[in-house]
Amino acid sequence: MNLPNKITVLRMLMIPFFIAALLIDFPFHQPIAAALFIIAALTDSLDGYLARSRNLVTDFGKFMDPLADKLLVCSALICFVELGSVPAWIVIIIIAREFAITGLRTLAASDGIVISASKWGKAKTMSQMIAIVIILFNNWPFALINFPADMIMIYIALVLTIFSGVDYFIINKKVFRSM
């Protein structure tokens, strides 16, 4: 297993620790959860950079890297529903889109087609991660001026999630022609 793939696996292994830090009340649990999430999110850029720059792109990485992102983001969002930080309907739409795109990728793969992340998919992931970080910091420093940056970012992430999902299906409509 090459270094980028090891970093992807590490990101996945960090998820239970992030969830525990977020949901279990102990001293400094929220900053620890935020730090774990930020580190995990940064590994997404690192493994991709290393894979491309060192010509270490693998089928494992193409499949597991986006899956690791989805698991990290969905874990955070589900925890936020439990904590009352994000409405469940938003999380349901985001997770439904992730299942739909994973299904599309699986269908395409059965025809030998690899669907790579699009610029809109990357923007979606980035907006979701930014929203999650702001929520993890309880909207600080924006709360000091009573500005709801956390909710604005989660709605931006929702719009990008829907848009990028529709975009994937439009761009990859050829996958359905063989059915």
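This is a predicted model: local features need pLDDT of at least 70, side-chain atom pairs count only at pLDDT 80 or more; totals for chains, interfaces and linings use all residues.

**Entry 1: the surface.** I looked up the total, and the chain exposes about 9,800 Å². Carbon and sulfur atoms supply 73% of that area.

**Entry 2: the overall build.** Next I wanted the secondary structure. I then checked the dimensions: along its principal axes, the C-alpha trace spans about 50 × 35 × 25 Å. The radius of gyration is 17 Å, which agrees with the value near 16 Å that a compact globule of 179 residues would have. Of the 179 residues, 43% count as buried. I also looked at contacts between residues at least 6 apart in sequence, and 75% of them join residues at least 24 apart.

**Entry 3: the largest pocket.** Which residues are the closest to the centre of the largest pocket? I first noted its volume, about 1,200 Å³. The pocket is lined by 47 residues, and the closest to its centre are Lys62, Asp65, Pro66, Asp69 and Ala117. I then asked where the lining comes from. Helix 1 (3-23), helix 2 (29-53), helix 3 (59-83), helix 4 (88-110) and helix 5 (119-136) each supply at least two of its residues. Sorted by class, I wrote down 21 nonpolar, 13 polar and 13 charged residues in the lining.

Entry 4: I moved on to helix 6, which covers residues 149-171 and holds Ser164. Is Ser164 buried or exposed? Its relative accessibility is 0%, which is why Ser164 counts as buried. Leaving aside neighbours within four places in sequence, I found Ser164 in contact with Arg97, Trp120, Gly121 and Lys124.

Asp167 lies in helix 6 too. With a relative accessibility of 16%, Asp167 counts as buried, because the cut-off for buried is under 20%. Not counting residues up to four places away in sequence, Asp167 touches Ser118 and Trp120. Trp120 is 47 residues from Asp167 along the chain, and I noted a separation of 7.8 Å between their C-alpha atoms. I marked Trp120 in my sketch, as it is listed among the contacts of Ser164 and also among those of Asp167.

**Entry 5: backbone details in the loops.** Where does Phe28 sit? I found Phe28 in the loop between helix 1 and helix 2. Its phi is near 65°, a positive value in a residue other than glycine. Phe28 counts as exposed because its relative accessibility is 64%, and the cut-off for exposed is over 50%.

I then turned to the loop between helix 5 and helix 6, where Asn139 has its place. Asn139 is not a glycine, yet it has a positive phi of about 65°. Is Asn139 buried or exposed? At 7% relative accessibility, Asn139 counts as buried.

The loop between helix 5 and helix 6 also holds Pro141. Which kind of peptide bond joins Trp140 and Pro141? I looked it up, and the bond is cis, with omega at about 5°.

Notes. Residues are numbered from 1 along each chain as its sequence is written. Side-chain values use heavy atoms; hydrogens and water are left out. On a 1 Å grid over the protein atoms alone, a cavity is a set of points where a 1.4 Å probe fits but cannot get out, and a pocket is an open set with protein on both sides within 12 Å along at least five of seven lines; lining residues have an atom within 4 Å of a point. Grid points are joined across faces, edges and corners, and a volume is the space filled by probe spheres set on the points. Helices (H or I, at least four residues) and strands (E, at least two) are DSSP runs, numbered from the N terminus. Ala, Val, Leu, Ile, Met, Phe, Trp, Tyr, Cys and Pro count as nonpolar, Asp, Glu, Lys and Arg as charged, and the others, Gly among them, as polar. Buried means under 20% relative accessible area, exposed over 50%, partly exposed in between (1.4 Å probe, protein chains only). Contact means heavy atoms within 4.5 Å. The radius of gyration is taken over C-alpha atoms; the globule rule is 2.2 Å times the number of residues to the power 0.38. Accessible areas come from the Shrake-Rupley method with a 1.4 Å probe; for residues, only the protein chains shown count as cover.
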